[in-house]
Structures are given as structure tokens and as C-alpha cells.
Amino acid sequence: MAIADIKQRPGVVLGGAILLHVILISAQVNTASGLPVLQVVTFGSFSEVQRGTMAVIDGVRGLWSGYVALQQVQEENNALKQEMAAMQVRLQQERTEAQRTDNLRQLLELRERAQLDTVAAEVIAGGASPDFKTVTIDKGSSDSLATDMAVISPAGVVGRVILPSRRASKVQLLIDRNAAAGALIERTRVQGVVVGIGDGMLRMQYVPGTADVKTGDLVVTSGIDGIYPKGFVIGMIDHADRGAGAYHEIVIRPAVDFSRLEEVLIVRTPPASRTAVDEEPGK
Amino acid sequence: MRGAAALAAILISIAVQTTLARYIFAGSSAAIDLVLIVVVYVGIKSGPVTGVVAGTVAGLTVDALSSGILGIGGLAKTLVGFLSGLLGTQFIVTAPLPRFLLLVVATVLHQAVFTGLYQLLNLGQFPAPYTSIVGQAFGNAFVGVVAFQMIEWFPGFVDRRRAGRFLKR
């Protein structure tokens, strides 16, 4: 600012001079509390400046953290979502592994209990046609699997091997309309034949009308069909009607949940009935 | 150039105030403030800005030479310089009476600020300030008017004397 400009603004000069004197006086005068006025005034004034500055800084910081930095938060959020998704997948894998381990443990217990030569297999595929209830397992002729070998699970009878290849086999489920198994009612030991209906349920045929049949009776394999070992659970009688004919009309709910079939055991030991039949021609 | 003259006038007034004044005004009850008179004159002649600067320099110098608080006298004289400059630019203060009144007002303002600040800051008591202020106001006004007239009369007097000598030859 030029001197000429300063001369045109005496008020500014006066203000500056007054301020200078006030500062000068304050530097030498103490307040009632004994503190220098300049110090008190300077501190008081500057504290307000600091307060204002901090308010501005806080505002800017809040603006930054609340809006600008949200871009980083969004990236972090996306990363966390991806991590969470990965963790969920891993959790599901862990659960699957745990479930599989449990299933395998049950299979192992079944194998030990049955005292049979079995081989574990995993279901790798379902049936190609909904009209035929079949699954594909990952064991085949290379594992000594053959046609008509029984397939069982810890819950009960699954079906039989109908088409073994070298490394896989097709298994006909017991609920297939063409499947059948010799069975007996565990409580009364009444025998019959269990066949698939095709709708997920089973029917027990050839049970005399005079036989004692109740809903809830357990139906197990009889072992006379030459395929399924004796004593394995097929299912439970859902309802039984005394029909017009000589036989009961019995519907069985399968013990195995075929929709959740994952691991199975293939019984390589032929049933005693088949062994006996096989040995007879040789005699 | 005018600033240098003002600075010189201030320094001379301070020198006179601190050396000769106590002998010259020894019998007076009023403490004549020669520095204040100079500040008023500089303000009248040079305007408010120069008045402020002159008041600041003069006041701080006097404060520094005295045992009081540095700045209180300076602030008082600064306000006086500004007021003098302002009135000098707004009104015609070339006649003795307006200058007398201006000097009275300036002295009252100076003493009001000076004494008021000391009392406000609880730095000292001034017995019977009103009597002292009134006496000093009139004393400063009288001395100031005389001084102003002499200062403004002296250059003309010298010129006239030179011209008279030239005509006699």
C-alpha cells in the first residue's frame, strides 16, 4: 500500500496505532489475578482463533471422513463383502466336509456292524430321466463292483448296481418302478416283496391279508432275493389297507432320503441265498 | 520533508519539556505539555495520518523517558493527533480562538485518556484531576496559541526584514 493510499485512510492508521498501544500497555499491566494483560488477552484471543481453526479443521475432517473418504470405505466395504462371501463359501465347505465326515463315520460303523465286504462310493450324478430313479457312483469294475451288488447307506437300503463301468457304476434306486427287494416286517416277520412305485414311495406286495400289519412297522430286507443282505432297513409302513383281495395293500416310506444321497456302501459279499444257489450246481 | 520537520519539532519539544520547561513554567500551577502542543500543531497542519504518527512517536518517546506505563501517553497523544488532524481538515483553524479551543479540547481529551487509563487499570490515583486538567488545558491553549502565532509569524518576519534591508541599500 502506497503512502498516498495510507494518507487517504486515517481510520486504518488510527486503528493500527491504537492496537499497537493497547498491546504495548497490555504487555506491562497485570490483571486482577496477577497475570499479564497481554498474555491473558493474547491467550484469550488466540484461543478463540484456535477454537475457530479447530472448528474449521473438524468440519473439513468431518467432510473428508464423511464424504470424501467414503470412497475408501466403499472399497473396504467391497473387500469385506468379498471376504465375507469367501468365508461363507468356506463355511459351507467346512459344513460339507463335516457332514461328509459324519456320513463316512456312519458308513464305517455300518461296515463294521455288517461284517460285509463293502466299498465306499460317492454319488457323482443323478438319473438322466425322471422316469427312472438311478444315480451314478464313482466306483466301478476296477473296484470289483459287479451287477446286482447291493448298495446301502447308514439309513437303509439304497438300491443295486445295474451297470458297472470301469470307474463308475449306475445304481438303480429302490424307489424305481422296476426295482424290487425281498422284505419282511420286522415286528411280525411277515415276508413280502417291496417294489418301487416311482413317486418316491414303496409298496410291499404279497403280504397276506390275515397278517398283522400296522402303520409304523419297520420293514427290513429278508435276504431271499439274492441281492440285498438280510436285516437292512427298507422303510416304515406309511399306511396299510385291507384290500378286497387276499393281500394287504401296504405303502412304505423309504428310510433313505434319496434326494440327499451322497455316500454309499456297495456290498461286495453276495447274500447267503445267492451263495447257496451258486453252490448248488457245483454239487 | 514535512514529516522530518514534524519529527524534529517533536524532539525539540521533548528536549525543551525535559530541560527548560520546568524553569520557564516553575511558578505555574498547570503543567504545560509542550509535546502535546506540537502534536496538535502537526495534526492541524499535516492532517490526521501525520497527526497519528506524530502522536504515536511523541507519546511513546515521552512514555519511554518517564517512569509510567509505556503506551498510555502514546495512546492519548495518538488520539489527540488524530483529532487535531481531523478537525484541521474539516474546519478552518487558523485564527487564534479556534486554535485555543482546539488546544483545550485536545488537552482535556489527552488527560481524560491518560488519567482514565491509569485509573481504569488501577495503576495510580490522581488527586483532584478535574482542576488539574482545566488548568493544564488553558495553559496549553495559551502557550500553544502564542507558539503557533510565533511560528507562523516568524518566516514572514524574516522575509520582511530581508526585504527592508534590501530596500535601504
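Of the 283 residues of chain A, 32% count as buried, where buried means under 20% relative accessible area, exposed over 50% and partly exposed in between, computed with a 1.4 Å probe on protein chains only. This is a predicted model, in which local features need pLDDT of at least 70 and side-chain atom pairs count only at pLDDT 80 or more, while totals for chains, interfaces and linings use all residues. Residues are numbered from 1 along each chain as its sequence is written, chains are lettered from A and ligands numbered from 1 in the order in which they are written, and side-chain values use heavy atoms, with hydrogens and water left out.

**Architecture of chain A**

- Chain A contains 5 helices and 12 strands; helices (H or I, at least four residues) and strands (E, at least two) are DSSP runs, numbered from the N terminus.
- Among the contacts in chain A with a separation of 6 or more, 54% are between residues 24 or more positions apart, a contact being heavy atoms within 4.5 Å.

**Strand pairing in chain A**

- Strand E1 (residues 118–126) and strand E2 (residues 134–137) of chain A run antiparallel and are joined by 3 bridges; two strands pair if DSSP finds at least two bridges between them.
- In this pairing, Gly126(A) lies opposite Val135(A) of E2(A).
- E2(A) also pairs with strand E5 (residues 169–173) of chain A, in the antiparallel sense and over 4 bridges.
- Here Ile137(A) is placed opposite Ser169(A) of E5(A).
- In a regular strand the side chains alternate between the two faces of the sheet.

**Backbone angles in chain A**

- Most residues other than glycine have a negative phi, and most peptide bonds are trans.
- Asp148(A), which is not a glycine, has a positive phi of about 70°.
- Asp148(A) sits in the loop between E2 and strand E3 (150–152) of chain A, and its relative accessible area of 24% makes it partly exposed.
- Arg189(A), also a residue other than glycine, has a positive phi near 60°.
- The loop between strand E6 (180–185) and strand E7 (191–196) of chain A holds Arg189(A), which is partly exposed at a relative accessible area of 48%.

**Interface of chain B and chain A**

- Chain B contributes 17 residues to the contact and chain A contributes 15 residues.
- About 1,300 Å² is buried between the two chains, and carbon and sulfur atoms give 86% of this area; buried area is the accessible area (1.4 Å probe) that two parts lose on being put together, summed over both.
- Val49(B), Leu70(B) and Leu75(B) supply 34% of the area that chain B buries against chain A, more than any other three residues.
- On the side of chain B that touches chain A, helix H4 (48–65) and helix H5 (72–90) of chain B each supply at least two residues, and H5(B) gives the largest share, 6 residues.

**A buried serine in chain B**

- Ser84(B) belongs to helix H5 of chain B and counts as buried because its relative accessibility is 0%.
- Not counting residues up to four places away in sequence, Ser84(B) touches Val40(B), Gly43(B) and Ile44(B).
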